[in-house]
Amino acid sequence: MDLLEVKSVSKVYGNGENAVHALKQASFSVPKGEFVAITGESGSGKSTLLNMLGALDIPTSGNVFVSGKDIFAMKERSLTVFRRRNIGFIFQSFNLVPELTVEQNIVFPMLLDYQKPNGKYLEELLRILDLEERRHHLPSQLSGGQQQRVAVGRALIMRPALILADEPTGNLDTQNSNEVIALLKEASRKYEQTIIMITHSRSIAQTADRILEVSDGVVTDFGRCCE
């Protein structure tokens, strides 16, 4: 079953001679549990594509289905709730709340949704993320790699079907980059979560199950990496 379906999605900014076609008729599908890397030069349209998948921006035309639901057919309030419960985001800049501890940052999405965190699952996440000894630390007391692991935990805590990662290793050294990618692959395997990751690194892209390349707004599917 395909967790994500993208059908003829285009995005145009501006009008007439000033129009910029950031995304051109993108169509592809991703099954549940697959780990997909999106590559491309700066300005190629890959961030625009990720924004469409996460409903952070609205396409000029086309449809995006997550778990069979046309996300852009939803009303704004329903979409906000659906996105919070079904789509996790990991950003290059971490975006942690500085006044909250590691544990509080991780469970923050659940509190926004008026849910009580599952204690057993939280403990499992802290162990997998190697943050058990840092659970009461503030972001300012953590290394860059530790902060990104907190961001990964925050994306996982709601058990979303889809995780969107925008250059999650962009601010990390090689060792921490490898650890974050390993965590994402573990989430894909263990929790059957579909992961879409933007990366400039060809070596990191090769660790994914499949590679999509965006060039001048056109999405090309290079298929599964092992084939």
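How closely do the axes of helix α5 and helix α6 come, and at what angle do they cross? In this predicted model, local features need pLDDT of at least 70, side-chain atom pairs count only at pLDDT 80 or more, and totals for chains, interfaces and linings use all residues. Residues are numbered from 1 along each chain as its sequence is written, and side-chain values use heavy atoms, with hydrogens and water left out.

Two packed helices are described by the angle between their axes and the distance between the axes. Helices (H or I, at least four residues) and strands (E, at least two) are DSSP runs, numbered from the N terminus. Axes are lines fitted to C-alpha atoms, for helices over the stretch in contact, and angles run from 0 to 180 degrees between N-to-C directions. The axes of α5 (residues 144–156) and α6 (residues 174–190) come within 10 Å and cross at roughly 15 degrees. The two helices are therefore roughly parallel to each other, a term for angles under 35 degrees, with those over 145 counted as roughly antiparallel, 65 to 115 as roughly perpendicular and the rest as oblique. The crossing of α5 and α6 is right-handed; a crossing is so named if the near helix is turned clockwise from the far one by less than a right angle, and left-handed if anticlockwise. In contact (heavy atoms within 4.5 Å), Gly145, Gln148, Arg149, Val152 and Leu156 of α5 meet Asn176, Glu179, Val180, Leu183, Leu184 and Ala187 of α6. By class, this contact has six nonpolar, three polar and two charged residues. Nonpolar covers Ala, Val, Leu, Ile, Met, Phe, Trp, Tyr, Cys and Pro, charged covers Asp, Glu, Lys and Arg, and the others, Gly among them, count as polar.

Helix α5 also meets α3 (residues 102–112): their axes come within 7 Å and cross at roughly 30 degrees. The helices α3 and α5 are therefore roughly parallel to each other, and their crossing is right-handed. Val102, Asn105, Ile106 and Pro109 in α3 meet Val150, Gly153 and Arg154 in α5.

An open sheet of four strands shows antiparallel pairing in the order β2-β1-β4-β5, where two strands pair if DSSP finds at least two bridges between them. The edge strands, β2 (20–31) and β5 (69–70), each pair on one side only. Strand β1 (residues 2–13) pairs with β4 over five bridges, and Ser10 has Ser61 in β4 as its bridge partner. Strand β4 (residues 61–66) pairs with β5 over two bridges.

The count of salt bridges (a side-chain nitrogen of Lys or Arg within 4 Å of a carboxyl oxygen of Asp or Glu) comes to 12. One of them joins Arg210 and Glu34 (2.8 Å, N to O).
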